[in-house]
Amino acid sequence: MKNVLRELVQSGGSGKASHTKFWANVAYAAATVCFVRFEWFATDPHIELWLVYLGTVAGVASVSKLLSLRYNANYT
């Protein structure tokens, strides 16, 4: 568990704390909480909101993985 938490804030290459990685994870957590809360209390599904949320979260992860594969670096 400690390693998982460490990976959320440390740079993959240097092992130092990464402010960018930390704040990105904070933003994802806040967006997820807001999204789940909004959808939990919604009376009808909001397809547009699903597309924006999933596109944002999956899009960033996909681009990061593509860059790391393309340039043999760890951008996650």
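1. How do the axes of α2 and α3 cross, and within what distance do they come? They cross at roughly 160° and come within 11 Å. With angles over 145 degrees counted as roughly antiparallel, that makes α2 roughly antiparallel to α3. The crossing is left-handed, for anyone keeping track. Bear in mind while reading on that this is a predicted model.

2. Who actually touches whom between these two helices? On the α2 side, the contact is made by Tyr 28, Ala 31, Thr 32, Phe 35, Phe 38 and Glu 39. On the α3 side, Leu 49, Trp 50, Tyr 53, Val 57 and Val 60 take part.

3. Now for α2 on its own. Helix α2 covers residues 19-41, and has 23 residues. From its first C-alpha to its last, α2 reaches 33 Å, close to the 33 Å expected at 1.5 Å a residue. Its buried residues are Lys 21, Phe 35 and Glu 39, and what covers them includes α1 and α3. Phe 35 and Glu 39 also turn up in the contact with α3, while Lys 21 is part of the contact with α1.

4. Tyr 53, Ser 64 and Ser 68 are the buried residues here, and their cover includes α2. Tyr 53 is one of the α3 residues that make the contact with α2. Just after the helix, Asn 72 takes a positive phi of about 50°.

5. Angles of 65 to 115 degrees count as roughly perpendicular, and that makes α1 roughly perpendicular to α2.

6. Glu 7, Leu 8 and Val 9 in α1 meet Lys 21, Phe 22 and Asn 25 in α2. These residues divide into three nonpolar, one polar and two charged.

Methods. Residues numbered from 1 in each chain as written. Predicted model: local features only at pLDDT ≥ 70, side-chain atom pairs only at ≥ 80, totals over all residues. Heavy atoms only, no water. Axes fitted to C-alpha atoms, helices over the stretch in contact; angles between N-to-C directions. Helix = DSSP H or I, 4+ residues; strand = E, 2+ residues; numbered from the N terminus. Parallel < 35°, antiparallel > 145°, perpendicular 65-115°, else oblique. Contact = heavy atoms within 4.5 Å. Nonpolar A, V, L, I, M, F, W, Y, C, P; charged D, E, K, R; others polar. Buried < 20%, exposed > 50% of the residue type's maximum accessible area, 1.4 Å probe, protein only. Left-handed = near helix turned anticlockwise from the far one by under 90°. Expected span 1.5 Å × (residues − 1).
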